[in-house]
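Welcome! Take a look at it first, and then read on.

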Amino acid sequence: MFYKEDCEIVDVKLDGHYIWITMKTDEIALASVPGQFINIRVNSLYDPLLRRPMSICNVDGNNITILVLVRGRGSRILAEKKKGDVLNIIGPLGNCFPIRKKKAIFLAGGIGVAPFLYLSKSYDKPKLLFGVKGKEWLPDIKPFEKYCDLKIISEDGSTGEKGTILSLVEDMLFNKAVDDVIIYACGPNPMLKALTGFFRKKNVDEVYYSLESFMACGFGACKGCAVTTPEGNYKLVCTDGPIFKWNEVVL
Ligand SMILES: Cc1cc2nc3c(=O)[nH]c(=O)nc-3n(C[C@H](O)[C@H](O)[C@H](O)COP(=O)(O)OP(=O)(O)OC[C@H]3O[C@@H](n4cnc5c(N)ncnc54)[C@H](O)[C@@H]3O)c2cc1C
Ligand code: FES
């Protein structure tokens with residue numbers, strides 16, 4: 001069940017390449033679970049026509065917070081929003097992260113960190129490995145540090161260790177049993193593809209990806225977000241996902 005609501009923005013924080021937006025919802029926040037997303041009409045002019053999907057980054061009572069990477073037309077419009085403006089949003093959409101009584105490891109590449117703040121509240125200080133290109137691509141990490149055991153890695157070494165999420169995971173899980181671990185990953189496709197190679201070799205079972213594919217309607221009507229399964233069938237990221245087991249889809 002999802003809702004379409006006009007939501008007042010109660011807080012906006014510009015943060016380098018990112019923007020944090022908190023809005024007050026009637027039903028959407030309370031109906032949501034970690035891993036779900038909302039689809040936002042960025043202005044009232046239907047230009048751009050398509051809504052922009054954003055992970056639910058945090059929920060506090062009736063409030064939903066999103067973390068947006070400013071990269072194109074829609075996100076630039078969002079970056080101009082002020083407290084008191086109203087956004088039309090549809091949500092909560094999509095499936096959710098499965099929660100297990102295991103040790104949780106979150107693997108985030110860039111803006112892929114967004115869904116992990118909400119998820120972290122389902123675990124006791126989960127490990128969050130956060131990879132960025134460099135220091136300037138790091139959003140405010142304080143909210144994540146509050147709930148996660150955070151480790152940062154950057155491609156150019158300007159913040160945290162130098163390397164990639166894959167190198168960090170290989171080091172961390174090398175020669176370790178992974179039966180009591182559940183892994184969640186969200187980030188660019190090349191990162192997920194590289195991780196898939198590792199998980200296949202290591203024979204890890206409980207790994208879930210959150211996919212950030214291009215989308216239109218967000219609720220199964222347009223078929224614009226289809227991904228292929230290894231059997232050659234199709235799944236929709238917006239309704240069958242965005243969360244998929246690592247070997248359930250072809251990236
Ligand atoms: C389920 C889901 C959750 C998402 N959660 C977040 C989130 O929490 N925060 C966030 O910032 N973004 C998130 N995204 C991605 C976000 O929806 C797109 O980045 C956004 O629609 C871009 O809109 P734009 O108008 O700013 O960029 P556009 O003008 O549409 O595109 C600008 C540039 O970014 C590239 N681009 C656009 N969308 C994507 C994408 N999905 N993947 C890779 N490259 C892309 C384009 O190719 C282009 O080069 C999510 C996507 C999905 C499907
Ligand atoms: S975005 Fe329309 S079916 Fe998924």
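## A first look

In this predicted model, the C-alpha centres of domain 1 and domain 2 lie 24 Å apart. The domain assignment of the protein chain places domain 1 at residues 3-93 and domain 2 at residues 103-212. Ligand 1 lies between these two domains, because both of them give residues to the shell around it.

**Where the domains meet**

- Domain 1 brings 13 residues to the contact, and domain 2 brings 13 residues.
- On the side of domain 1 that touches domain 2, β5 (58-60) and β6 (63-69) each supply at least two residues.
- That side of domain 1 divides into seven nonpolar residues, five polar and one charged.

**Around ligand 1**

- Ligand 1 is surrounded by 21 residues, and the closest are Ser55, Gly72, Gly74, Ser75 and Ala114.
- Two or more residues of this shell come from each of β4 (52-55), β6 and α2 (73-79).
- Sorted by class, the shell around ligand 1 holds twelve nonpolar, five polar and four charged residues.
- You will meet β6 in both places: β6 supplies residues to the side of domain 1 that touches domain 2, and β6 also gives residues to the shell around ligand 1.

**A pair of packed helices**

- Two packed helices are described by the angle between their axes and the distance between the axes.
- Helix α5 (residues 165-173) packs with helix α6 (residues 189-202) at an angle of about 20 degrees, and their axes are 9 Å apart.
- Angles under 35 degrees count as roughly parallel, and α5 and α6 are therefore roughly parallel to each other.
- The crossing of α5 and α6 is right-handed.
- Eight residues of the contact of α5 with α6 are nonpolar, none is polar and two are charged.

**Backbone details to look for**

- Most residues other than glycine have a negative phi, and most peptide bonds are trans.
- The peptide bond from Gly91 to Pro92 is cis, with omega near -10 degrees, and Pro92 lies in strand β7 (residues 86-93).
- Another cis peptide bond runs from Gly241 to Pro242, with omega near 15 degrees; Pro242 sits in the loop between β15 (234-236) and β16 (243-245).
- Lys125 is a residue other than glycine with a positive phi, near 45 degrees, and you can find Lys125 in the loop between α3 (116-120) and β9 (127-132).

Methods
Residues numbered from 1 in each chain as written. Chains lettered and ligands numbered in written order. Predicted model: local features only at pLDDT ≥ 70, side-chain atom pairs only at ≥ 80, totals over all residues. Axes fitted to C-alpha atoms, helices over the stretch in contact; angles between N-to-C directions. Helix = DSSP H or I, 4+ residues; strand = E, 2+ residues; numbered from the N terminus. Parallel < 35°, antiparallel > 145°, perpendicular 65-115°, else oblique. Left-handed = near helix turned anticlockwise from the far one by under 90°. Nonpolar A, V, L, I, M, F, W, Y, C, P; charged D, E, K, R; others polar. Domains from an automatic or database assignment. Contact = placed C-beta atoms within 7 Å. Near = placed C-beta within 6 Å.
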